[in-house]
Amino acid sequence: MRCKLCRGRKSIVFGSGNARARLMFIGEGPGADEDEQGLPFVGRAGQKLTEMIEKGMGIPRSDCYIANIIKCRPPDNRDPEPDEIAACEGFLYKQIDIIRPKVIVALGRFAAQTLLRTKMPISALRGRFWKYRDTLLMPTFHPAFVLRQYTPENRRIVWEDLKKVKQVLEADQQ
Ligand code: URA
């Protein structure tokens, strides 16, 4: 009830996955399918995300933790507003601080810009690690964007970003 999104939601989509995950994904906010089921990334973009994690990186999705910047669906899937982000921020910080992932992947422009508090375009943010709350943050394209613009170039870019994440996780295990 901390912000106006409580009026239109069916569920609070808090997050899902392994609370001891070394890899965490953060998206923007729930869509219709997520609001319906109460779980993040369960619609079409979610299927793409699962494919990126499992087929691309070779990691079971259930080993990761998946959350969003905001926990309630905005009307008509509009971008979250500053007061909504502020109302939810404390929950996300707590999730990150409890899970303490080795790497966070920010999915898409909105998540990356919000977490890093910048207006830099995703094309400039993606592909490199940023220091973020005692961990490393890799911005990459949102799976919904990859679905919309399913070009070999976009697929290659996401794969390059995820490969870097995989390398860091593997190096950390040794
Ligand atoms: N898009 C997001 O950013 N998050 C979800 O949970 C689903 C779609």
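I'll start with Arg-155: its charged end sits over the ring of Tyr-150, 4.3 Å from the ring centre. Keep in mind that this is a predicted model. There is another contact of this kind to show, with the charged end of Lys-71 placed over the ring of Phe-14, 5.6 Å from its centre.

Next, ring against ring. How many aromatic pairs does a search of the whole structure find? It finds one. The partners are Phe-141 and Phe-145, with 4.9 Å centre to centre and 70 degrees between the planes. The pair counts as edge-to-face because the angle between the planes is over 60 degrees.

Phe-145 comes out at 22%, so it is classed as partly exposed.

Now the ligand. The space it takes is the largest pocket. Around it are Gly-27, Glu-28, Gly-29, Glu-34, Pro-40, Phe-41, Asn-68 and His-142.

For His-142, a polar side-chain atom is 2.9 Å from a ligand oxygen atom. Phe-41 takes part through its backbone: an N or O atom there lies 3.0 Å from an oxygen atom of the ligand. As for cover, the ligand on its own has 240 Å² of accessible area, and the protein covers 91% of that.

That's what I have; I'll take questions.

Key. Residues are numbered from 1 along each chain as its sequence is written. This is a predicted model: local features need pLDDT of at least 70, side-chain atom pairs count only at pLDDT 80 or more; totals for chains, interfaces and linings use all residues. Side-chain values use heavy atoms; hydrogens and water are left out. Rings of Phe, Tyr and Trp (its six-membered ring) pair if their centres lie within 6.5 Å; planes under 30 degrees apart count as stacked, over 60 as edge-to-face and the rest as tilted. Buried means under 20% relative accessible area, exposed over 50%, partly exposed in between (1.4 Å probe, protein chains only). A charge sits over a ring if NZ of Lys or CZ of Arg is within 6 Å of the ring centre and within 35 degrees of the ring normal. A residue is near a molecule or strand if one of its heavy atoms lies within 4 Å of it. A polar contact is a pair of N or O atoms within 3.5 Å; within protein, one must be able to donate a hydrogen and the other to accept it, and residues adjacent in sequence count only if both atoms are side-chain atoms. Accessible areas come from the Shrake-Rupley method with a 1.4 Å probe; for residues, only the protein chains shown count as cover. On a 1 Å grid over the protein atoms alone, a cavity is a set of points where a 1.4 Å probe fits but cannot get out, and a pocket is an open set with protein on both sides within 12 Å along at least five of seven lines; lining residues have an atom within 4 Å of a point. A molecule sits in a cavity or pocket if more than half of its atoms lie within 2 Å of its grid points.
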